[in-house]
Amino acid sequence: MATTAKPVQGKIKRPNIPAAGIQVPGVSSFEQVDNELLATLKPSPKWFIGLGVAVAAMLVGASAWTFQIYWGLGNAGYVPPVMWGVYIITFVFWVGIGHAGTLISAILYLFRAGFRTTIYRASEAMTVFAVMTAGLFPIIHIGRPWKFFWLIPYPNWRLLFPQFKSPLLWDVFAISTYLTISATFLYLGLIPDFAVMRDKETNPIRKRIFAMLSLGWKNTDREWRHFAKMYMFLAAFSTPLVLSVHSVVSFDFAMALTPGWHTTIFPPYFVGGAIFSGFAMVWTILIPIRKWWNLEHYVTLNHLDATAKVVLFTSIMVGSGYLSEFFIAWFSGVAPEQEYFWNRVFGQWWWSAWILLLCNMIFPLSLFSQKLRRNPTWLWILSIIINIGMWYERFVIVVPSLSHEFEPWQWSTYMPSWIDMCFLVGSFGWFFMWFLLFIKQMPVIAIAEVKEIVPPKMLHDHGGHH
Amino acid sequence: MQGVLAVFPQLDAVCAAIKDLKAKKVPKVTVYSPTIQHEIDDAIDAPTSVVRVFTLIGASLGVTFGYWISIWCSQYWSLQVGGKAIASWIPYTIMGFEMFVMVGCLSTVAGMFINAGIPRLVTNFGFDKRFTHGDYGIWIETTPDKFAELESTLKAHGAVEVRGER
């Protein structure tokens, strides 16, 4: 729901709609919204090709997992002391991707940012599938995935419980809460749209499915009143949740004494990076969708411009984090820290550090140009660059630190094995498979919310309408 | 259940009808709208949703459970480290916070379901498919002897269709 404020008494006008100059001028009626957004649910050849590629990639990952379960975790590229590799890097990468959705749907909702209305559904779905992807990696990483439930404090016959002071257990709580709340938020926002689909559907089986999913929603004033209040509370809960999840993930590193990790800057730096990469992934998926399904009058250049400003801001935030780390290492006077940061940019891992600096700090500076902020092709290319950069950011955090700790005799190297790379490919396949299936079953733009910003039909012109 | 159902294509027409029905003190009026419209909220002037009470109770129980489970498990299966507290409230704040959010959110959703009356099995009575697309509606639960009077009131405000359902 786009607005939360109490209605203004007196003359009928629509003061609470977040105008901000970012509306949908190409959309003029509720019928147009229904027809155009429901038309996106018809499968096209491009969609089938995309789904085929995603399923193939997912099968690559599934095969690698089967191989690893049979032959053991030794097939991953771990070399002591680098016992965290691609699995944890990819876990943090996908958790980060999962941040933009709830940020857009919850935080921008509370701030009444008008540009969220047409992009939040795709972002929310992206969040749920990204967190589902991320959640696989700790399970893969433990080697014996069938034992993962030991992390949950369930009643058991010996009354053995997990260590609640461990950041890894904090992750379990944070990620499972985030997944539950993100999925709940996504589903609840879909209920009014399921009702639209139920009443438009002619196929009796699909109609029955939509009837069940809509829970008998009828658009009554009573439903909307409680729904709006619930939505506001969910947004209010989700706002600190978004900020906490990646903070908790950053504690996996920051609680350790390892050089490069033991720093208080990690939580804000991780959250900024997560929002940065999440918005980039929103571009990766939304720019082709708006182009191929003719939704350019819903996700307009103004929307892209607004998101580009968020990306630019978070890029500067992340860049400041990178530079602060170097400053803190120098200022601390701690030799292993200084040695580690020197090694990061001029030593063994220089190439990965420079990839991340170029991708995350330098290329996004192009967004100071309004022309480029409004160029979808450039934004899509930049989104790929940023996502590569953000994967490397996690690589730079995990691998150089572990391979270059306090004891020089222990310094080592790391090379991902083919199994690691198959899991990385498989994670993209898994994510895009779910996303592609989602966008053909459910509207990728929220129908009920778009109607909220479309001028309603009036019997008399009251002068206050958009 | 029996009553009168009216269909309005225009927002201001349905708002005017609601205000008129309120002035005439007509009870059991349900308004349909394809999306949230503040003009309708304004016309109905309904009390604030009680969903917030569910939120408060759920969030309070959640935060209590989050701290309790961590402290209880630590006390029961104590991992003793010299100089460290067995149950340490600072890291347990993470569990407290996560449970605060999780249970708070889920109880808010439960509150919405209970108060909005969903899930419901029957949607076709006192309802028209047009209400999920673009039209507004008013359903008044009443006896057949009042149908004619209500029909004339609703039509006077621009209802394009008024029908009695029983």
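Here is a short chat about a sheet in chain B and a pair of helices in chain A of this predicted model.

Trainee: Which strands are the edge strands of the open sheet in chain B?

Mentor: Let's start with the order of the four strands, which is β2-β3-β1-β4 in chain B, with antiparallel pairing. An edge strand here pairs on one side only. That leads us to β2 (29-32) and β4 (161-165) of chain B.

Trainee: Thanks! Which residue of β3(B) stands opposite B:V31?

Mentor: Look at where β2(B) meets β3 (residues 136-141) of chain B: four bridges join these antiparallel strands. Follow B:V31 across to β3(B), and the residue opposite is B:I138.

Trainee: Which helix of chain B packs on this sheet?

Mentor: Search for a helix that touches β1 (3-8), β2 and β3 of chain B. Its direction makes about 20 degrees with that of β3(B). The helix is α1 (residues 11-23) of chain B.

Trainee: Now chain A: is α4(A) roughly parallel or roughly perpendicular to α9(A)?

Mentor: The axes of α4 (residues 99-110) and α9 (residues 266-292) of chain A come within 7 Å and cross at roughly 90 degrees. Angles of 65 to 115 degrees count as roughly perpendicular. Therefore α4(A) and α9(A) are roughly perpendicular.

Trainee: And how many residues of the contact of α4(A) with α9(A) are charged?

Mentor: On the α4(A) side we find A:H99, A:A100, A:G101 and A:L103. They meet residues of α9(A), including A:I275, A:F279 and A:V282. The contact divides into seven nonpolar and three polar residues, and the number of charged ones is none.

Notes. Residues numbered from 1 in each chain as written. Chains lettered and ligands numbered in written order. Predicted model: local features only at pLDDT ≥ 70, side-chain atom pairs only at ≥ 80, totals over all residues. Pairing = 2+ DSSP bridges. Helix = DSSP H or I, 4+ residues; strand = E, 2+ residues; numbered from the N terminus. Contact = placed C-beta atoms within 7 Å. Axes fitted to C-alpha atoms, helices over the stretch in contact; angles between N-to-C directions. Parallel < 35°, antiparallel > 145°, perpendicular 65-115°, else oblique. Nonpolar A, V, L, I, M, F, W, Y, C, P; charged D, E, K, R; others polar.
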